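Dear colleague,

Please find the structure below, handed over for your study. A short account of what was found in it comes after.

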Amino acid sequence: MTAAPVLRVHDVRKRFGDHVALDGVSLEVRAGEVVTVIGPSGSGKSTLVRCVHQLEGIDGGSMYLDGELLGYEFHRGHLRPLPDRRAAAQRGRMGMVFQQFNLFAHWSVLRNLTEAQVAVHGRTPEQAREEALRLLERVGLAGKAEAHPRQLSGGQQQRVAIARALATNPRIMLFDEPTSALDPELVDEVLSVVRDLAAGGMTMIIVTHEMSFAREVADRCLFMEHGRVVESGTPQEIFDRPASPRLRAFLSRFS
Ligand code: ADP
Ligand code: MG
């Protein structure tokens, strides 16, 4: 593959007080590529995707979306943080799906899906509504537009959250353990939506504890520990031929 990466993360560092959450993380995601991220709790997986989505600032390194520096701009020869509006516009080119869905509880499903389309992306309410209904059908929730989140199961809420993230035509989708808050019987309905996105060529980073899914859906898999990418490779390399003792020990917990 020769195309420029959709996302480039270069030597990113992030501290919380004295705690180093990301200790020089680099990765590239190319168009249509699915990268899964595995690793123990506390290894920095959420911090990584939250930094990419600019929910957290970074303390070092740089990130580029379609070659454009994320979060900062040059001003008189110095880097300075982007003004909020431009940071929001960059964030709007990525779709993020959280463990806890993060839907607006007091809004209908439809409004959850249309708000950002109108406010950030300048679509008319009618365009936004059409897109929302199309996406609800795509995630298997046609007919739920007027429902409120509390009337839906966790699996349905998460599918609404995925539709919401898709509604703004993101260049990349970021998933942070999208099935960890779900009852086991609801996991598959969400994973199958993510699987469909992968088959449709969506560019994605997926943090997950579902090892068989991480293997099946990935073009490339990263293993993180202590804020670093310890190992990365094809699913076969990571799951069948893990090189580091730490990855082997981690994987043995799931078999
Ligand atoms: P993971 O998603 O792999 O479980 P996280 O990225 O959530 O790991 O966290 C990495 C480390 O950073 C953990 O030690 C966690 O306690 C710490 N951390 C994450 N977010 C914060 C925060 N907002 N304030 C302080 N420490 C944090
Ligand atoms: Mg996490």
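The paragraphs that follow describe the surroundings of the ligand and then a group of aromatic rings.

Please bear in mind that this is a predicted model.

The ligand site. Ligand 1 is surrounded by a shell of residues that includes Phe 16, His 19, Pro 40, Lys 45 and Thr 47. Both β2 (19-29) and α1 (45-52) contribute at least two residues to this shell, and α1 gives the largest share, with 3 residues.

The aromatic rings. The structure contains 3 aromatic pairs. In one of them, Phe 223 and Phe 250 are tilted, with 5.3 Å from centre to centre and 40 degrees between the planes. This pair links distant parts of the chain, as Phe 223 belongs to strand β11 and Phe 250 to helix α9, 27 residues apart. Phe 223 counts as buried because its relative accessible area is 0%, which is under 20%. Phe 250 is also buried, at 2%. Phe 250 forms an edge-to-face pair with Phe 254, at 5.1 Å and 65 degrees. Phe 254 is partly exposed, with a relative accessible area of 40%. Together, Phe 223, Phe 250 and Phe 254 make up one aromatic cluster.

With kind regards

Methods: Residues numbered from 1 in each chain as written. Chains lettered and ligands numbered in written order. Predicted model: local features only at pLDDT ≥ 70, side-chain atom pairs only at ≥ 80, totals over all residues. Heavy atoms only, no water. Phe/Tyr/Trp six-rings, centres within 6.5 Å; stacked < 30°, edge-to-face > 60°. Helix = DSSP H or I, 4+ residues; strand = E, 2+ residues; numbered from the N terminus. Buried < 20%, exposed > 50% of the residue type's maximum accessible area, 1.4 Å probe, protein only. Near = heavy atom within 4 Å.
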